[in-house]
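This report is written for a reader new to the structure. Please look over the sequence and the model before reading on.

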Amino acid sequence: MSHDLLIRERVVREFERRYERAPAMIARAPGRVNLIGDHTDYNDGFVLPMAIDRAVWIALRPRDGGCVRAYSLDYDESREFDVHQFGTRPEDRGGWAEYVRGVAWALAGAGLVLRGWEGVIAGDVPLGAGLSSSAALELASARAFAGSAELDWQPVAMAQLAQHAENVWVGVNCGIMDQLISAAGIAGHAVLIDCRSLDMTPVPMPDDAAVVVLDTATRRGLVDSLYNERRAQCEAAARFFGVPALRDVDLAMFEARASDLDPVTRARARHVVTENARTLDAAAALARADVEAVGRLMNQSHASLRDDFEVSRAELDTMVEIACAQPGCFGARMTGAGFGGCAVALVDTAKADAFATTVAAEYAATYDLTPAIYVCMASDGATIDGP
């Protein structure tokens, strides 16, 4: 049995133990990995993520009234709230239950009529690794609320409401990518997302290439100020070019005027302009199954994130170097906001298991850290079904 189905079985068993009956429905939403296109989303640019076969599951039964009673297997905690009485936003907004309650708050605020439910929640998306465990919990919760109240499931609208919950209720200023790919992922495909229009283009993943997530066992820590600084630098560059966002600057426009920018702002803008181009090129290469071209673009992306955007760190750089030195690796890069977390590699499927074993051993020997290596499959977005 796959690890994904094992989690489903766990929440069903715990629901039956607690409530002495089978759940009426089971909601699921995946985490994600971004193959290429980082720090482009808030510049109205392009990203190429895929939903992964690691997810958050909720076994639930609708209730009369507005009471939600949720138990987290991962935290061994129960929480209860009423979807008709939210009160003020919490002072301490980091707990798992606030993602569930925040989604209910956002859905209710959009005029949707909600119904209470009782349920059991568990997941296997690693926490704090940059694989969007929070978006998975948000979209699984949205699916649970939609299922219990018999609401139409509209992936883009639900992703936007989940993003609103995280931005305002939870207090994390994330972009739309994580929620959108968790809501609308397609099995066997990456998805090219235009972060301005939210248009999505599925891109088949070739059978001979495996996506391997490389968790460095480092975490980002306090980087809000650095993230906000990067955003401000990008916004300053967009004002310099006289455009709404750096998405509107192509390479020719950038090179014609780049010398008039200060060195730091110039480097930040160069990353975004070239990363958008790389992301579009990577989607086209993936569509024609040119995995070697995709790998080269991933390598270029990492160098740009390291040198121009300066959001990598030594452990990420080392992980990428070790990965790229292995037989069968087409390319690798840090993924996500940076400053810690994960890298991602594109690897010959036949060599993926040996690749994972060797990379883990070499990295552990270098840093005395134990990395987590995941060979991932592209999965569907949020779903709900019977037990």
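## The model and its terms

This is a predicted model, in which local features need pLDDT of at least 70 and side-chain atom pairs count only at pLDDT 80 or more, while totals for chains, interfaces and linings use all residues. Residues are numbered from 1 along each chain as its sequence is written, and side-chain values use heavy atoms, with hydrogens and water left out.

Helices (H or I, at least four residues) and strands (E, at least two) are DSSP runs, numbered from the N terminus. A residue is called buried under 20% relative accessible area, exposed over 50%, and partly exposed in between (1.4 Å probe, protein chains only).

Strand 8 covers residues 209-215, and seven of its seven residues are buried. In a regular strand, side chains alternate between the two faces of the sheet. In strand 8, Ala209, Val211, Val213 and Asp215 point one way, while Ala210, Val212 and Leu214 point the other way. Residues of both sets are buried.

Strands count as paired if DSSP finds at least two bridges between them. Strand 8 pairs with strand 10 (residues 342-348) in the antiparallel sense, over seven bridges. In this pairing Val211 stands opposite Leu346. Strand 8 also pairs in the antiparallel sense with strand 11 (residues 372-376), over five bridges. Here Val212 stands opposite Val375.

## Helix 11

Helix 11 runs over residues 352-367, and its 16 residues should span 22 Å at 1.5 Å a residue. The expected span is 1.5 Å times one less than the number of residues. The end C-alpha atoms of helix 11 are 22 Å apart, which agrees.

Which residues of helix 11 are buried? They are Ala352, Phe355, Ala356, Val359 and Tyr363. These cover an arc of only 95° around the axis, so they lie on the same side of helix 11; the arc is that of the directions from the helix axis to the C-beta atoms. The face turned away from this buried side carries the exposed residues Asp353, Thr357 and Ala365.

The buried residues of helix 11 pack against strand 8, helix 10 (314-324), strand 9 (329-334), strand 10 and strand 11, where contact means heavy atoms within 4.5 Å. Just after helix 11, Asp368 takes a positive phi of about 55°.

## Salt bridges

A salt bridge is a side-chain nitrogen of Lys or Arg within 4 Å of a carboxyl oxygen of Asp or Glu. The structure holds 23 of them. One joins Arg17 and Glu14, with the closest N and O atoms 2.9 Å apart. Both residues lie in helix 1 (residues 3-19), three residues apart, about one turn of the helix. Arg17 counts as exposed because its relative accessibility is 57%, whereas Glu14, at 11%, counts as buried.

Another salt bridge joins Arg69 and Glu80, the closest N and O atoms being 3.2 Å apart. This pair links distant parts of the chain: Arg69 is in strand 3 (residues 67-72) and Glu80 in strand 4 (residues 77-82), eleven residues apart. Arg69 is partly exposed at 34% relative accessibility, and Glu80 is exposed at 52%.

Asp290 and Arg288 also meet through their side chains in a salt bridge (3.8 Å, N to O). Salt bridges that share partners join Asp38, Glu275, Arg278 and Arg333 into one network.
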